[in-house]
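Let's take a walk through this fold together, one region at a time. Have the model open and turn it as we go.

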Amino acid sequence: MPPRPRPLPLWVSVVLAFGAGAGLLLSFPPYGLWWLAPVSVALLTAAAHRRRLRAGLGVGLIAGLVLFVPLLDWTRIAAGWLPWMLLSFAQAGYLALLGMATAWLSPLADRVRAVWPLLIGLLWVSQEALRDRAPFGGFPWGRLAFAQDDAPALRLAVLGGAPLVTFAVAAAGGALVALAWRSWRPRTWLPAAGFAVVLAALLAGPAFVPTAAPAGQTRTVAVVQGNVPRLGLDFNAQRAAVLLNHVHATEKLAEEVRLGRKPKPDLVIWPENASDIDPLRNQDAAQQIAAAAGAIGVPILVGAVLRGDVPGEIRNAGILWMPVTGPDLDQVYVKRHPVPFAEYMPLRPVARVVSDKVNLVQNMVAGATPGVLHTPAATVGDVICFEVAYDGIVRDTVTGGAQILAVQTNNATFNEAEARQQLAMVRLRAVEHGREALMVSTVGVSAFAGADGRVHAATGFNVDAVVLHDMRVGGPRTLATRLGQWPELAAVALTLLVLAAAAPLRRRRRTGDDTAAEGKTEVR
């Protein structure tokens, strides 16, 4: 029986795990070193390869903490350091499971080297599929796909959405580690050349994938970034001022249109929380919004917080406000995926022990229908804030008839890094569904994204701005839109199959270790 293949020295695996986490962090905005993502996948794969399951779990956890603790630092601004740490450790736990799964598949990778890119691609897609859904609806921040906003791999979204982009990046990492591992052994130039070709195809090949071409018809859309008096969680206490900022900015735009300095938009879009005062219940807020709509003379999609009949219940909504008739109650979108522990509080008695800010969180009621809003200018696919990270929520608007995508968000409680990470998601969604998209924030970054992923008319952070852009509306549905979640489900099913296929090989290797140990005892 040949001896068991040896893993790297433990200290080397630990160093590689630190490097993997740091590289993944730097691949995301605001750093944007997207090419570090496949390199980091390769480092983590090498760190976990041939290790025992517990050690694989450990190196995955190290990489996860190095990634998620700084990546999610913006949550500390709103929630404090303890919730930030708990969320970071929870997300790192998924990379720990990934490391353990990588160690589990080591005998299969050693037996059939050619499948190494496939195995690693499948593991990463499945890890993200689980993390995107559990617990409490999941938290998709930090997906490999969201680090590829400037990379050729972004174009793959038109074929299979975010899961395919993640698969390509992870598979490239698998090919890279296979190439490097092969190079340590003599007379392996032919397999090494094969892995090099696979690596080049995964990294550069997507540049030749054509993105969708939206229809030629255009509509001029204005986004209003009214800004807030002060950044931070207390922006809610400034809600009257925030509303007035957006009203005055829209009225100023109307004056510039009247003077011929700017073209008249077909639609104006305000961000999430532009009116934290319920305009359907508060007459002063309604009059202010009506004045802005009347001045500009076109509909305004208003991000508003609506109060419920039950005390403490609220709804995060986008309301279409017409210039003459006021709010169109048939064109209201209520956020479908409120953020747990931020917009509603599961396990409130337990959470109160963790943070004294729990009582600031009201009970946000989820909406039940996709954000398909019919405006005179175009049918808008409205998603609110973090919802842009969830594949199904965005896709539902496109299958419902959305001609453009709008992401209403409020970054006043976070920082510029979080805003730029969110913009990367908007860019991916535009490519994925072949729909031009926009992101409008209270404080920035607001921008438009073409169906090719390019950014147009981006604003700064913590400034007031009004930006107009001609958006092409409609177009054919992409393959990714038509396939929906099937590529991801297929990847998860294949992952389960390969995990099961590795079991006999692991038993055989363990039996060989026991036999070798007995032989050594007899010789002694």
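Which strands does helix H14 lie across? Helix H14 (residues 416-433) lies across E9, E10, strand E11 (447-449) and E12, and runs at about 160 degrees to E10. Angles here go from 0 to 180 degrees between N-to-C directions, with axes fitted to C-alpha atoms, for helices over the stretch in contact. Helices (H or I, at least four residues) and strands (E, at least two) are DSSP runs numbered from the N terminus.

A word on the source: this is a predicted model, in which local features need pLDDT of at least 70 and side-chain atom pairs count only at pLDDT 80 or more, while totals for chains, interfaces and linings use all residues. Residues are numbered from 1 along each chain as its sequence is written, and side-chain values use heavy atoms, with hydrogens and water left out.

Now to the sheet itself. It is open, has six strands in the order E7-E8-E9-E10-E11-E12, and shows mixed pairing; two strands pair if DSSP finds at least two bridges between them. Strand E7 (372-374) and strand E12 (455-456) form the edges, each pairing on one side only. Within the sheet, strand E9 (residues 404-409) and strand E10 (residues 437-441) run parallel and are joined by five bridges, with Thr-409 opposite Ser-441 in E10. Helix H13 (residues 391-399) also packs on this sheet, touching E7, strand E8 (379-384) and E9, and its direction makes about 165 degrees with that of E8. Contact means heavy atoms within 4.5 Å.

Elsewhere you will find a hairpin that joins E4 to E5 through three residues. Strand E4 (residues 313-322) and strand E5 (residues 326-334) run antiparallel, joined by six bridges, and Gly-318 stands opposite Tyr-333 in E5.

Next, look at a helix pair. The axes of helix H2 (residues 36-48) and helix H7 (residues 116-131) come within 12 Å and cross at roughly 100 degrees. H2 and H7 are therefore roughly perpendicular to each other (65 to 115 degrees). Their contact is made by Val-41, Leu-44 and Thr-45 of H2 together with Trp-116, Ile-120 and Trp-124 of H7.

Trp-124 leads us inside. The largest nonpolar core has 117 residues, and Trp-124 and Leu-438 touch the most other members. Such a core is a set of buried Ala, Val, Leu, Ile, Met, Phe, Trp, Tyr and Cys residues joined through side-chain atoms within 4.5 Å, where buried means under 20% relative accessible area (1.4 Å probe, protein chains only).

Methods. Buried < 20%, exposed > 50% of the residue type's maximum accessible area, 1.4 Å probe, protein only. Parallel < 35°, antiparallel > 145°, perpendicular 65-115°, else oblique.
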